[in-house]
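Please find below my notes on the model under review.

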Amino acid sequence: MMKISHDFDSGSIAIIDTNDINNIQLALTTDNNDNTMQWFHFRCHTSAGLNHTIRIVNAGESSFSRAWNSYQAMASYDQINWFRVPTKYKNDELVINYTPKHNDISYAYFTPYDYARQQQFIIQVQQSAQCQHSVLTTTQERNAIDLLTIGKPAKDKKSIWLIARQHPGETMAQWFAEGVIKQLLSNNSISQQLLEKAVFYIVHNMNPDGGIKGNHRTNAHGLNLNRQWQSPSKTLCPEVYYVQEKMQQTGVDLLLDIHGDEEIPYNFIMPAKGANAVAEQAKQFKADFTAETKEFQTEVDYDSFNSKQGRCCGSTCGGKHTMASQYVSNTYGCLALVLEMPFIDHNNQPNKLTGWSETRSMKLGADILIPIYKFLSK
């Protein structure tokens with residue numbers, strides 16, 4: 001008899017009926033203390049070689065239901081190598097139809113990035129003399145908000161900030177940040193020149209509580225971190241409060257806020273609103289990034305794509321909430337960019353086997369150092 005487990009780091013699903021492998025019925029669950037519903041991650045303990053039909057019966061009620069139209073679920077036998085499996089969105093249900101080759105198989109909305117991997121990665125990168133680790137604060141669930149400082153601070157150096165995974169279900173953001181960090185510490189010529197000009201302050205997981213709980217958009221208190229930047233609560237939103245405090249100490253000359261978008265099948269950047277000079281910097285940054293890789297483009301973004309997530313909260317809030325990029329742009333008068341990656345695929349470079357993936361996210365992170373270098377040079 002098949003069994004499904006989800007009580008682990010980033011696990012999330014509700015079990016309705018598993019008696020018939022041709023009609024396995026599951027349901028998405030909401031973030032704790034919030035009604036957002038999108039992320040899933042679960043493991044099937046079953047019999048290899050038999051076709052399975054998994055129905056996520058409430059997919060049509062999810063927060064971003066249009067995201068399922070071209071979506072293919074992620075699967076893995078070892079939690080390391082992930083691939084896409086045949087998936088259809090029909091009659092408001094997400095239906096996964098697959099024959100597993102092994103008795104144990106995991107399914108997830110996107111390749112997970114668990115907290116244990118994060119801690120192992122921090123231990124690894126601290127072996128470099130260029131990388132220093134500190135803890136800005138601990139969260140409601142006593143998890144660390146880890147800051148990696150790459151480069152030696154000096155008065156004449158610029159301060160480059162990168163924050164990732166304010167929305168915990170957008171795990172591609174943390175994979176992207178890992179790619180940035182590895183490339184910075186690779187000792188290639190561009191990285192060396194960058195670290196002569198700048199110090200990188202990187203929080204590669206802004207929301208560990210939400211990630212561990214299997215939330216898609218919120219922290220343990222049910223708050224969307226990227227709507228709390230105007231006046232974050234020290235108690236309810238320590239993740240943002242203490243990052244802001246550190247920014248006040250270092251200053252900010254460039255912010256990259258890394259996210260994932262459920263609906264748009266492209267990588268794109270949205271700059272915060274600012275002065276004309278900053279707008280021109282954003283235009284040039286995007287042009288330099290496009291010249292560096294075919295995995296980035298400038299034709300499609302929130303302004304050209306009818307996406308509800310392009311609005312403040314996925315609903316109408318009257319613009320009363322402040323995002324990280326706008327806060328930083330207003331406070332420091334600098335270029336502040338939101339980079340979005342797809343859950344589906346980057347249509348300019350489609351890959352039927354993997355779609356957009358953790359590997360491509362890391363490579364895009366490495367590639368962004370070129371436009372950063374050009375930005376600093378100008």
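Which residues does Ser-76 touch, not counting residues up to four places away in sequence?

1. Ser-76 touches Asn-81, Trp-82, Phe-83, Ile-105 and Ser-106, where contact means heavy atoms within 4.5 Å. This is a predicted model, in which local features need pLDDT of at least 70 and side-chain atom pairs count only at pLDDT 80 or more, while totals for chains, interfaces and linings use all residues. Residues are numbered from 1 along each chain as its sequence is written, and side-chain values use heavy atoms, with hydrogens and water left out.

2. Ser-76 is placed in strand S6 (residues 74-76); helices (H or I, at least four residues) and strands (E, at least two) are DSSP runs numbered from the N terminus. The residue is buried, its relative accessible area being 0%. Buried denotes under 20% relative accessible area, exposed over 50%, and partly exposed in between, with a 1.4 Å probe and protein chains only.

3. The side chain of Ser-76 has two polar partners to inspect. One is the side chain of Asp-78, at 3.1 Å; another is the backbone nitrogen of Gln-79, which the Ser-76 side chain reaches at 2.8 Å. A polar contact is a pair of N or O atoms within 3.5 Å; within protein, one must be able to donate a hydrogen and the other to accept it, and residues adjacent in sequence count only if both atoms are side-chain atoms.

4. Cys-44 stands opposite Ile-105 in S10, and Ile-4 stands opposite Cys-44 in S4. S4 and strand S10 (residues 104-108) pair in the antiparallel sense over five bridges, and strand S1 (residues 3-5) pairs with S4, again antiparallel, over three bridges. Pairing requires that DSSP find at least two bridges between two strands.

5. On the cysteines, Cys-44 is buried at 2% relative accessibility, and Cys-131 is likewise buried at 2%. A search of the whole structure finds zero disulfides, a disulfide being a pair of cysteine sulfur atoms within 2.5 Å.

6. Ser-134 lies in strand S11 (residues 131-138). This serine is partly exposed, with a relative accessible area of 28%. Not counting residues up to four places away in sequence, Ser-134 touches Ile-145, Asp-146 and Leu-147. Ser-134 and Gln-281 are separated by 147 residues in sequence and by 31 Å in space, C-alpha to C-alpha.

7. Most residues other than glycine have a negative phi. Arg-142, in the loop between S11 and strand S12 (144-150), has a positive phi near 65° and is exposed at 74% relative accessibility. Asn-33, in the loop between strand S3 (24-27) and strand S4 (41-45), has a positive phi of about 65° although it is not a glycine; Asn-33 is exposed, with a relative accessible area of 58%.

8. Why is helix H8 (residues 358-367) described as largely enclosed by the rest of the structure? Seven of its ten residues are buried, so H8 is largely enclosed. The buried residues are Glu-358, Arg-360, Ser-361, Leu-364, Gly-365, Ala-366 and Asp-367. They pack against strand S7 (82-84), helix H2 (172-184), helix H6 (276-292), strand S17 (335-342) and helix H9 (369-377).
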